[in-house]
Amino acid sequence: MRITDTADLWWKNAVVYCLDVETYMDWDGDGCGDLPGLAQRIDHLADLGVTCLWLMPFYPTAERDDGYDITDFYGVDPRLGTHGDLIEVIRTARDRGMRVIADLVVNHTSIRHPWFQRARRSRDDPFHDFYVWRDDEPPDTSDQVVFPDQEQSLWTFNEPTGEWYLHRFYKEQPDLDVANPRVRDEVAKVMDFWLQLGLSGFRVDAVPFFLEVQEEDRDRFPDPHQYLRALRQLVGRRTGDGILLGEVNLPHEQQVDFFGGADGDELTMLFDFVGMQALYLSLARGHAGPLTTALAQRPAISPDSQWATFVRNHDELTLDKLTDDERQEVFAAFGPEERMQVYGRGLRRRLPPMLDGDPRRIRMVYSLLFSLPGTPVLFYGEEIGMGEDLDAEGRLAVRTPMQWTSGPNGGFSTADPDRLPGPVVDGGFAPRFVNVADQRRDPDSLLSFVKLLVRRYRESPELGWGAFTVLEQPHPEVLAHLCSWDDGALVAVHNLGAEPRTVPLTLEGCDAGHRLVDLLSDGEQPVDGDGGVELALDGYGHRWLRVVGPDDRRLV
């Protein structure tokens, strides 16, 4: 298969970049990031090598959950701009070879959404059945709430109708009833609207919660996955090559169902939460075992499906798939203070502070991210090594203003600091130490290194398309793996330990006519007649090496 044959599956080797418009760039000086500001920074993303821009919610909101409590699914928050400004962002991104997707948040609405304002007034209102209600007093559900410091139940009493309504998240976010065909139709209309305006798909929020129905409603909605297939088909009809990137934080074997199994006809991509959590356990132990096991246990998926790999996202860094003891290991290594943790299940920190700013470890982790099989997803600021603000509430610790320069407000805004969405990070990761402008001019900066990783990743279709094999070698702190696709192969080795290691490998099918060419630095290694090679790694070292035969015509 030629690389040119894969263009319609662009997402298989895309580079996804997530940002919050509100905290990215303020162009009109009012203190709030906006769409015109984002448009002015598209060239930064193009220079980085981003091919898919993921926008967190930009819709009108009551601001209870940082934009995830939406009051109008068809609108643009006036603080951020207009529909015209959004189209300008999409057009500018396309001009730079970048697609744009957006959060689809349809498990719930804001309590202030017109649908719920009508639904809560009368049981006879047509919109009443858009939501999930019960007449009898609910049982104790305090052990199921997502925000245990904010909510004590999944149900809240509504005085006008004498019922309780369901909310998986805050009580200001009543759940929509997906068993209602009118709700399903409305979701499709919302998607259709934004696809017509130029989006290339959606990151779908809280998918298992969205598809969950009450026991008594199962007859009305017997096959949630049929509905997911219909939504995938809708995106395909409207765009030809659009995607659904799903948030499905479940064990691997259950995630396969949301791909659509062997047919791969439901969600296009799923975040690998299991692999991410295993990565942090491996980092805490300085031992590649947990990550190796998680990768080896990834179930087989359709060629029309893909795993999305990530180091962190916009939420807390959840560790819920680890055992209690494993979670405590990660807390001890990377979040020993209670204020660094969230509800005992995760961390509200960014990677560089967790690794004490050690550039060797930080670069090793991002090298590992881009070399793993799948599509890498970056959260804004990762490319420059931004830190967090532990004084901020909850998840807002990692949603601080982007740091563009060393100047006031990190170049994010000319407004007074008290008008910003939140304070710019202070301390050792403040803008005077961490910013885009300085790193653009420094060939040895993290930004320059991430640009190199992106470039090499995009030049290596094996990483997005290929088969993954862990290579046997004697060092428990080292992960060595091979990705192969068509007639190409790439070896990646990463040392999670502080001590240098020499890694012996045997590459099947290789002989003295082959060599391994370094992709992240100058150099190459000869392969002996039995396919053997020894690779030197520094402490926290990393290497990508292309397998090159005597007649290979690839550029290396």
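Biologist: Why is Arg91 called partly exposed?

Modeller: Arg91 has a relative accessible area of 40%, and the rule calls a residue buried under 20%, exposed over 50% and partly exposed in between (1.4 Å probe, protein chains only). Arg91 is therefore partly exposed. Please bear in mind that this is a predicted model, in which local features need pLDDT of at least 70 and side-chain atom pairs count only at pLDDT 80 or more, while totals for chains, interfaces and linings use all residues. Residues are numbered from 1 along each chain as its sequence is written, and side-chain values use heavy atoms, with hydrogens and water left out.

Biologist: What makes the pair of Arg91 and Glu88 a salt bridge?

Modeller: The closest N and O atoms of Arg91 and Glu88 are 3.0 Å apart, and a salt bridge is a side-chain nitrogen of Lys or Arg within 4 Å of a carboxyl oxygen of Asp or Glu, so the pair qualifies. In general, side chains of opposite charge can pair when their charged atoms come close. The two residues are three apart in helix α3, which means that about one helical turn separates them. Glu88, at 36% relative accessibility, also counts as partly exposed.

Biologist: Where is Ile87, and why is Ile87 called partly exposed?

Modeller: Ile87 belongs to helix α3, which covers residues 83-95; helices (H or I, at least four residues) and strands (E, at least two) are DSSP runs, numbered from the N terminus. The relative accessibility of Ile87 is 37%, and therefore Ile87 is counted as partly exposed.

Biologist: What makes Arg399 and Asp315 a link between separate parts of the sequence?

Modeller: Their closest N and O atoms are 2.9 Å apart, in a salt bridge. Arg399 sits in the loop between β14 (375-379) and α14 (436-440), and Asp315 in the loop between β10 (306-310) and β11 (317-318), so the pair ties together parts that are 84 residues apart in sequence. Arg399 is called buried because its relative accessible area is 7%, and Asp315 is buried as well because its value is 9%. Salt bridges with shared partners join Asp66, Asp315, Glu316, Arg345, Arg395 and Arg399 into one network. A search of the whole structure finds 44 salt bridges.

Biologist: How do you know that Arg543 is buried, and what does Arg543 touch?

Modeller: Arg543, in strand β22 (residues 542-548), has a relative accessible area of 13%, and so Arg543 is buried. Contact means heavy atoms within 4.5 Å, and Arg543 touches residues including Val491, Val493, Asp518 and Leu537, when residues up to four places away in sequence are not counted. The side chains of Arg543 and Asp518 are joined by a polar contact of 2.9 Å. A polar contact is a pair of N or O atoms within 3.5 Å; within protein, one must be able to donate a hydrogen and the other to accept it, and residues adjacent in sequence count only if both atoms are side-chain atoms.

Biologist: How many residues of domain 1 and domain 2 are in contact, and how much area is buried between them?

Modeller: An automatic or database domain assignment gives the bounds, with domain 1 at 100-106 + 182-457 and domain 2 at 114-166. Nine residues of domain 1 are in contact with twelve residues of domain 2. About 880 Å² is buried between these domains, where buried area is the accessible area (1.4 Å probe) that two parts lose on being put together, summed over both. Across this interface the rule finds zero salt bridges, but three residue pairs are in polar contact, both residues being at pLDDT 80 or more.
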